[in-house]
Amino acid sequence: MLCENCKKNQATTYLKTVISGEAREMRLCDECAKNFGGFNFFSSGFGLDGILSGLLGQYNTSQKKPAGINSCPVCGSTLEDFSESGRVGCANCYDVFYENLMPYIRRIHGSAVHSGRIPKRIESSPKRRIQALESELAQAVAAQEYERAAQIRDELKALKEGDQK
Amino acid sequence: MSVAEFSGDGKDIVVSTRIRLARNLKNYPFATKLSAKQAREMIAAIYEALQKNPALKSVLSFIKLSDLDDLTIQSFVEQHLISPEFAKSTAERSLVLSNDRHISIMINEEDHIRLQVMGTGLCLNKCLDEAVKLDLLLDETLMLAFNEELGYLTHCPTNLGTGLRASVMLHLPMLTRCNEITKMIADAGKIGIAVRGIYGEGSVARSELYQISNQFTLGFSEQETVERLKGITDQIISQEQILRKAALAQARDEFEDRVYRSAATLQNARIMSASEAENLLSDLRLGISCGLINGIDYDSLNSMLYDIGPANIAVKNGSTLPPKERDKYRAEYLRNSLRSKLKE
């Protein structure tokens, strides 16, 4: 029997993997078994990569492309590229193809809003600072700490004016 | 920054802990669209960012993968320091490795930066803290690709958000032998935890080791991800412990017989394949955890699991060894490592 992966050499190894309950059986040659065998700590998608590209493939036949945009102006990737590889070409692709990618990202993760760490440059951005101060202001008012609320309001005003300049 | 002691509890069942963060640079296209020139520039920029911390710089090695021979690269794969994909890639790649091998940073793998911190036993928080320190250092100098809604932007959308993959490798011989694993895998899957086992011929997992990790990276903070994983890991550990106690109480003779036979084979065999060695070491680990075997600790056992890999045997004993010769060296290595140490 030939190796199911390379289809060139004689299969010598029987390999059964179970990933999230899904069993997969393979008969491989020595060389391919080396690559498949053992733990691959690093594989990213737990089989989700294939599902994702499948979902993007569905897009191509069932939905419209974004008006006037065929490829990402930064890296040149197209939606067809995504549907083949399940991977985007650059960070900018997420902006360019936002409308097309979001439904699939939601399906993969069940959620589509980041919760967690953020880079310093974003954390200290005026927008973030204003959001944080607004929530502090609401808390101060609710606790009837009016002196503190007035201080926060002044700080907010200065920030918002600065932001408009 | 000092390289902390990456070690935790539960070593009778938890072999190792790993935290991985995926990061990309905003101003460079992702791996498949990156030119060789851009890759070289990017590698230099990442080196510079990491070298800003003198204490860290002194414990890190900066390695160009093209400077290494294939066997050394394969031995890194066996030690889980790099991915098989990274080893095979023909792109400009670089590896940053700490002297104690707890930190490994792949540059230009699927993502520009794949940063991982590994420890022995259950030490998710320690590894996460160290990974965050490294991330902060990168963030000081580099413009990381980030979007407020989608978090850290990655080549594959499955890693969007925190870019965090937290995982523990568990030794679950009794859950395996009692056929409880399938149910556990299904239950874990329902709450976003993936369980991976690698099986050899038949239905018995090789080394009876399983990797448990989070599936989702978007919508959960780093801390939540780690806590959820810790929660399910604790439950699995207690189930395995219950089964071990029951097996010892109900079938002590058979249990002891298997452990001592495996120990005897490891100390006396003259030819040993990697998979046979993995299975025997699994019995030995079980024997240690039940107090049947003394004289060797879990950390030594963990290093042995790496040392018996075909490439690691070949690196130490000559690169052109045919498989049969490797099996002889493996048997010799195990005899030398265990013979004078093991005590009943």
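## Aromatic rings

B:Phe62 counts as partly exposed at 24% relative accessibility, where buried means under 20% relative accessible area, exposed over 50% and partly exposed in between, with a 1.4 Å probe and protein chains only. This is a predicted model, in which local features need pLDDT of at least 70, side-chain atom pairs count only at pLDDT 80 or more, and totals for chains, interfaces and linings use all residues. Residues are numbered from 1 along each chain as its sequence is written, chains are lettered from A and ligands numbered from 1 in the order in which they are written, and side-chain values use heavy atoms, with hydrogens and water left out.

Over all chains, a search of the whole structure finds three aromatic pairs; rings of Phe, Tyr and Trp (its six-membered ring) pair if their centres lie within 6.5 Å, and planes under 30 degrees apart count as stacked, over 60 as edge-to-face and the rest as tilted. Two of these pairs are listed here.

| Pair | Centre to centre | Angle between planes | Class |
|---|---|---|---|
| A:Phe82 and A:Phe97 | 5.2 Å | 80 degrees | edge-to-face |
| B:Tyr47 and B:Phe62 | 4.7 Å | 65 degrees | edge-to-face |

A:Phe82 lies in helix 3 (residues 79-85) of chain A, while A:Phe97 lies in the loop between helix 4 (93-96) and helix 5 (98-109), so the pair ties together parts that are 15 residues apart in sequence. Helices (H or I, at least four residues) and strands (E, at least two) are DSSP runs, numbered from the N terminus. A:Phe82 is buried, with a relative accessible area of 1%, and A:Phe97 is buried at 0%.
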